Structures are given as C-alpha cells and as structure tokens.
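Trainee: I have a new model open and I would like to learn how to read it. Could you walk me through a few features?

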Amino acid sequence: MNIRKTIIAAFALAVTASASAQYNMPTQTFVFDKPYSVEKIQAPKGKKVKNVILMIGDGMSLMHVYTAWTANRGHLWLENAQYTGLSKTWCTDRLVCDSGSGGTALATGHKTKYHAVGVDPDGKPLTTLCDLAKAKGKSAGIAVTCRLWDATPCDFSCHNIDRDKEQELVGDYPESGLDYAFGGGAKFFEHRDDGRNIFKELEAKGYHVSRSWDDLAQWQSGKVFAVPYDVDTPLPDERGDLLARASLKGIELMNQNKNGFFMMVEGSQLDDYGHFNQLDLLMKETLDFDQTVGRMMQWAAQDGETLVVVTADHETGGLTLVNGNKEEGRVTCCFSTKDHSGAMVPVYAFGPGSEQFSGIMENTDIFYKIKSLMRL
C-alpha cells in the first residue's frame, strides 16, 4: 500500500506540475469594462457581388478572436459570418511571413519574399485588387489605423522589394489610382529626403487632401486622401470608433460610382500590441476591429450586393488564453514571442459569394475568389 500511495502521490505531483506549465511564461489579465451588444444580422439573399470589403486584422489569429469573444461576454459581430475558413500564410523564403509578404498575397494572389510589398520575389510590380477594380471601372480605397507607409496599405497601392523603404513607398501613392485613402503617416508625405511634397502631387492629380477628421466628414464627393496624423492614429480609447467612421466615409464616397467599389479596411495596431506583448491594448484593438466588422456587415446587409471578407495576414505574439471568465469579461493570457508565429489564420465571409470562403485555403486563394466574384 505504501508503494501504491507513493506512486499515486508522484503522479499527482506530475499532473500538478504539468498544469502549472501553462504559466511558465508571465501572464497578464485584462477585464473589458465596456462590453457592447451584438445583433444578429440578416444576410442578403441576392447573389450579385458588386462591391467587396476586405478586412484585415493585422496579426489576428483564432486565439485573438476567442479571447476577445470572452472579454465581450461571449459575443462578437464576427459571429454573423455565414461561412468560415482557415488561411495558410507562408511566403516564398520563410515559413512565417510578415505583413509585406502576407498582405501582398492577399492583394495580388502571389506569394513573395519576406518584407516585399506589392512585388514578386524578383521585385517586379504586381497587379493588385485595387488595380483590377479600377480597370473594371470601379472605385478602390483603403482605410487603416496605422501610418500609410506601413506594409499592409502599401501592399494594395505601392511597390517595393523592401517594406522599410518608407519614403519610397509613400512616393508611389500619386500613381496608385486610389479613390479614397485614410490613415496616418503625414510625416513622410511632406518632410522627405528627396524634397517632394506628396500632398501637393496628390492635389495636382485631382485629390482633395484632408488633414483632419472634421474636414473629411464634410467632404461629399470626389477623390480624397485623408491623413490627419503624423504617424499612427491615436490609441483606441482616444480615437473611439474612428476606423468604422473612416471606413463608412470611404464607402459613402465610393458608392457613388454605379459600377461599385473594392475597399481594404485594416485593424492595423493589433500587430503592434502583439509585438509589444501588451494584452490590454491588444484586446481593445481587436474589439475595436470587431465593432468595425459589425458596421461593415450592417451596411452590406442593407446594400444587398456587397461581400465582406475578414481575415489576417499572419499571427503576432503567439497569444495563448490560459484562463478567464466570460460572465466577467476577464481573460488571462501569455505570449510566446514578440514576433510573428506560423499559425493559420481565420477567414470569415458575409454576403453574396460567402460560400466560396469555407475550408482550408492558401492566402493567395482569397485574391482569386474575390477577383472571380467581382468579375475583375
């Protein structure tokens, strides 16, 4: 009996040690004190895809989504998606990609090198969904919470083998053909080593340049570049629903085109707080992105001919949910890295054509599905 008790005690100790292993990295706890209600959205019944809104949660994995779901008491607007899938995000020279290569795959349908933006592995410019929409007579736009020289907005508008060539990337915008752009990064539009003033070049191309939200809000038609901030947009508690408002403003302007539009909306700063391993700001960014998803889905449901696709370019931070309580909105998490990880990322689709986005797919497949549905 003594030997048996010793074995049982040793086993119990091993189990306890194993259970504690999940906490062998520092944990952080976050409680969401401003939960929001979520409604069931009735999906449109038509099949025509006139417009597409592609939404990218930069660095967002299923763990981010499930953690945010817990923090918001078991509710997310994302759950209105009619179909879901998973996307593989490897790039040509690394298993774990970045926003340059990952976003380029979504924007162009081509895998490319780590850090490349809108180009193939040899540096040749690629045709983007924005380019194809414009060639079809549609409008094209982007709305982000980061600086406009960051990788994801540039993936859809600019071309460079190195995402760190920030001033060169901004210099591509006057030739991008975009009808609407919103984000930060005014710093490299006018304070440049080459002496160019990109704002003046945009105005010469017929754009209205908005340097504040109030100015943008009153603008009623035409091509607009809105860059109210020198670098990134403010923190989520300070900016409120800015991403949703900026996205809806772009839709308001581009929807005046009877041929329709393509728009890319990015919750950009999820990636930053994944890199910084800051759970509180990461959750606030993720929940802000989800509320923007809800506004886009509501608009799409009313329009009836708009497809909303939500995905990510990669995962950031190796986020792990180790404890929580959805009745309290409390989550306890740890991070395994301050860089990107190789996790597959989710794909959510709402509206006509959404059935095309189920199952496991390459990130490049998302480009080709959108291209086919929009008949680009």
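This is a predicted model: local features need pLDDT of at least 70, side-chain atom pairs count only at pLDDT 80 or more; totals for chains, interfaces and linings use all residues.

Mentor: Gladly! Let's begin with a term: helices (H or I, at least four residues) and strands (E, at least two) are DSSP runs, numbered from the N terminus. Residues are numbered from 1 along each chain as its sequence is written, and side-chain values use heavy atoms, with hydrogens and water left out.

Trainee: How many helices and strands are in the protein chain?

Mentor: The protein chain has 14 helices and 15 strands. Its radius of gyration (taken over C-alpha atoms) is 22 Å, close to the 21 Å of the globule rule for 376 residues, so the chain is as compact as a globular protein of that length. That rule is 2.2 Å times the number of residues to the power 0.38.

Trainee: What is the mean pLDDT of the protein chain?

Mentor: pLDDT is the predictor's confidence in each residue, from 0 to 100. Here the mean is 94, and 94% of the residues reach 70 or more. Be careful with residues 4-20, where pLDDT stays under 50. For that stretch the model has zero contacts beyond four places in sequence, a contact being heavy atoms within 4.5 Å.

Trainee: Is Asn 277 buried or exposed?

Mentor: Buried means under 20% relative accessible area, exposed over 50%, and partly exposed in between (1.4 Å probe, protein chains only). Asn 277 has 15% relative accessibility, so it counts as buried. Not counting residues up to four places away in sequence, Asn 277 touches Gln 28, Gly 317, Phe 335, Thr 337 and Lys 338. Across the protein chain, 56% of the 376 residues count as buried.

Trainee: Which residues of helix 2 are buried?

Mentor: Helix 2 (residues 62-71) is mostly covered, with seven of its 10 residues buried. They are His 64, Val 65, Thr 67, Ala 68, Trp 69, Thr 70 and Ala 71. Their cover includes strand 1 (27-31), helix 13 and strand 14 (345-350).

Trainee: What about Cys 158: where does it lie?

Mentor: Cys 158 is in the loop between helix 5 (151-155) and helix 6 (166-170). With a relative accessible area of 0%, Cys 158 is buried. Leaving aside neighbours within four places in sequence, it is in contact with Val 117, Gly 118, Leu 169, Asp 172 and Tyr 173. For a sense of distance, Cys 158 and His 75 are 83 residues apart in sequence and 37 Å apart in space, C-alpha to C-alpha.

Trainee: What is phi of His 115, and where does this residue lie?

Mentor: Here is the general idea: most residues other than glycine have a negative phi. Phi of His 115 is near 80 degrees, a positive value in a residue other than glycine. His 115 sits in the loop between helix 3 (99-108) and helix 4 (129-135), and is partly exposed at a relative accessible area of 22%. Arg 375 also has a positive phi, near 55 degrees. Arg 375 belongs to the segment after helix 14 (363-373) and is exposed, with a relative accessible area of 66%.
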